[in-house]
Amino acid sequence: MPKIVIVYLSTSGNTKAMADAIVEGAASRNIKAVAMNFHETKIEDVKSADAIAIGSSTFHYKMLPPMEKFIDNLSNANVKGKIGAAFGSYGWSGEAPGMIAEKLRELGMKVIDPVLRVQYKPEEKDLEECKRLGKDLAEKVKKAG
Ligand SMILES: Cc1cc2nc3c(=O)[nH]c(=O)nc-3n(C[C@H](O)[C@H](O)[C@H](O)COP(=O)(O)O)c2cc1C
């Protein structure tokens, strides 16, 4: 099973592009990572991961509501003590990643600070930052293991 699971919810592909770049970064450090659309993610997928990154774009000053439900369900997934990260694309206010990080901390996860936010469609320099987050997650997983 992958050690890093990246779960995203993205309406037009911007946050998805971030998730794919995070996977690329982790893979470049030889850690198995997978990006999953929230719709296809089962609680077992996150249970077996060492690190979990969660991404949502900001809609109406919040994360997308299905993602909020998904995170609330993680209380059944034994994520306490796991490494976490929050990310997402936004347009003007960008609250979602901060809200995700807060929820993950409430679940007892060790969340990387600061969260990663990109305005609208990620450009090359933004994708590089996403890759850096993937590498960072991979190094932290190695240390924890
Ligand atoms: C109906 C609607 C509401 C939005 N509300 C917000 C908002 O409150 N704050 C913000 O920063 N961006 C807002 N956005 C912009 C999106 O977050 C932005 O387009 C983002 O890149 C979408 O990423 P995605 O393709 O991953 O969903 C909104 C967009 C739409 C269409």
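**Burial, contacts and the ligand site in a predicted model**

Biologist: Why is Lys-103 called buried?

Modeller: Lys-103 has a relative accessible area of 17%, and buried means under 20%, exposed over 50% and partly exposed in between, with a 1.4 Å probe and protein chains only; therefore Lys-103 counts as buried. This is a predicted model, in which local features need pLDDT of at least 70 and side-chain atom pairs count only at pLDDT 80 or more, while totals for chains, interfaces and linings use all residues. Residues are numbered from 1 along each chain as its sequence is written, and side-chain values use heavy atoms, with hydrogens and water left out.

Biologist: Where is Lys-103 placed, and what does Lys-103 touch?

Modeller: Lys-103 belongs to helix H4, residues 96-106; helices (H or I, at least four residues) and strands (E, at least two) are DSSP runs, numbered from the N terminus. Leaving aside residues up to four places away in sequence, Lys-103 touches Met-63, Glu-68, Ile-71 and Asp-72, where contact means heavy atoms within 4.5 Å.

Biologist: Why is Thr-58 buried, and why does Phe-59 count as partly exposed?

Modeller: Both residues lie in strand S4. Thr-58 has a relative accessible area of 14%, which is under 20%, so Thr-58 is buried. Phe-59 has 34%, a value between 20% and 50%, and is therefore partly exposed.

Biologist: What does Phe-59 touch, not counting residues up to four places away in sequence?

Modeller: Phe-59 touches Thr-11 and Leu-64 with that exclusion.

Biologist: What lies 3.3 Å from a polar atom of the side chain of Thr-58?

Modeller: The backbone nitrogen of Glu-95 lies at that distance, 3.3 Å. A polar contact is a pair of N or O atoms within 3.5 Å; within protein, one must be able to donate a hydrogen and the other to accept it, and residues adjacent in sequence count only if both atoms are side-chain atoms.

Biologist: Which backbone atoms lie 2.7 Å and 2.9 Å from an oxygen atom of the ligand?

Modeller: A polar backbone atom of Tyr-61 is 2.7 Å from a ligand oxygen, and one of Gly-94 is 2.9 Å from a ligand oxygen. For His-60, a backbone N or O atom lies 3.0 Å from a ligand nitrogen.
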